[in-house]
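Biologist: I would like to learn how to read a protein model, one feature at a time. Could you walk me through it with an example?

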Amino acid sequence: MKELQSSEPEKKLLRLGVETGGCSGFQYVFELDSKTNHDDRVFEKNGVKLVVDNVSYDFVKGATVDYVEELIRAAFVVAENPAAVGECSCKSSFMVKQ
């Protein structure tokens with residue numbers, strides 16, 4: 001994110017959202033955004049900001065976000081999510097506790 005921010009004229013924020021879908025019921029959505037909304041929660045570590053909307057926050061509270069580089073992809077992922085009881089092998093979708 002720091003490399004990306006240094007090449008962009010406007011600072012970008014990493015936005016994490018949750019949508020229905022994926023092979024496990026819910027899926028993580030990462031986007032770059034330049035603004036925050038009034039109901040967003042903003043987390044910052046080492047100068048990098050992660051933004052989560054209020055609805056998605058309930059699904060990812062306490063989660064750990066990481067950037068991974070693998071043979072098949074390089075992407076942001078939710079590495080650990082205490083709200084998830086199961087996830088697909090690609091870690092892009094998950095199930096929640098009932």
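Modeller: Here is a short tour, from the overall fold to salt bridges and then to a pocket. Please keep in mind that this is a predicted model.

Biologist: What share of the residues is buried?

Modeller: For burial, we look at relative accessible area, and a residue under 20% counts as buried. Of the 98 residues in the protein, 28% are buried. Contacts give another view of the fold: among those between residues at least 6 apart in sequence, 38% join residues at least 24 apart.

Biologist: Let us zoom in, then. Where is Arg15 found, and is Arg15 buried or exposed?

Modeller: Arg15 is found in strand S1, which spans residues 13-20. With a relative accessible area of 9%, Arg15 is buried.

Biologist: Which residues is Arg15 in contact with, leaving aside its neighbours within four places in sequence?

Modeller: The list includes Val29, Phe30, Glu31, Lys35, Thr36, Asn37, Val51 and Asp53.

Biologist: How should I think about a salt bridge, and how many does a search of the whole structure find?

Modeller: The general idea is simple: side chains of opposite charge can pair when their charged atoms come close. In this model, the search finds three salt bridges. One of them joins Asp33 to Arg15, with the closest N and O atoms 2.9 Å apart. Asp33 lies in strand S2 (residues 26-33) and Arg15 in strand S1, so this pair ties together parts that are 18 residues apart in sequence. The side chains of Arg15 and Asp33 are also joined by a polar contact of 2.9 Å.

Biologist: Is Asp33 buried or exposed?

Modeller: Asp33 has a relative accessible area of 17% and is buried. We can follow the reasoning: the value for Asp33 is 17%, and buried means under 20%, so Asp33 falls on the buried side of the cut-off.

Biologist: What about Asp40?

Modeller: Asp40 forms a salt bridge with Arg15 too, the closest N and O atoms being 2.8 Å apart. This pair links distant parts of the chain, 25 residues apart: Asp40 is in the loop between S2 and S3, and Arg15 is in strand S1. Both Asp40 and Arg15 are buried.

Biologist: Which residues form the remaining salt bridge, and how accessible are they?

Modeller: Glu70 pairs with Arg73, and their closest N and O atoms are 3.3 Å apart. Glu70 is partly exposed, at 42% relative accessible area, and Arg73 is partly exposed as well, at 26%. Returning to the other bridges, shared partners join Arg15, Asp33 and Asp40 into one network.

Biologist: Last topic: what is the volume of the largest pocket, and which residues line it?

Modeller: The largest pocket has a volume of about 610 Å³. Its lining has 21 residues, and Lys45, Val48, Leu50, Val65 and Asp66 lie nearest the centre. The elements giving two or more residues to this lining are S1, strand S3 (41-45), strand S4 (48-52), helix H2 (54-60) and strand S5 (64-69). By class, the lining has 13 nonpolar, three polar and five charged residues.

Note on methods: Residues numbered from 1 in each chain as written. Predicted model: local features only at pLDDT ≥ 70, side-chain atom pairs only at ≥ 80, totals over all residues. Heavy atoms only, no water. Helix = DSSP H or I, 4+ residues; strand = E, 2+ residues; numbered from the N terminus. Buried < 20%, exposed > 50% of the residue type's maximum accessible area, 1.4 Å probe, protein only. Polar contact = N/O pair within 3.5 Å; in protein donor to acceptor, adjacent residues only side chain to side chain. Contact = heavy atoms within 4.5 Å. 1 Å grid on protein atoms, 1.4 Å probe; cavity = no way out; pocket = protein on both sides within 12 Å on 5 of 7 lines; lining within 4 Å. Points joined across faces, edges and corners; volume = space filled by probe spheres on them. Nonpolar A, V, L, I, M, F, W, Y, C, P; charged D, E, K, R; others polar. Salt bridge = Lys/Arg side-chain N within 4 Å of Asp/Glu carboxyl O.
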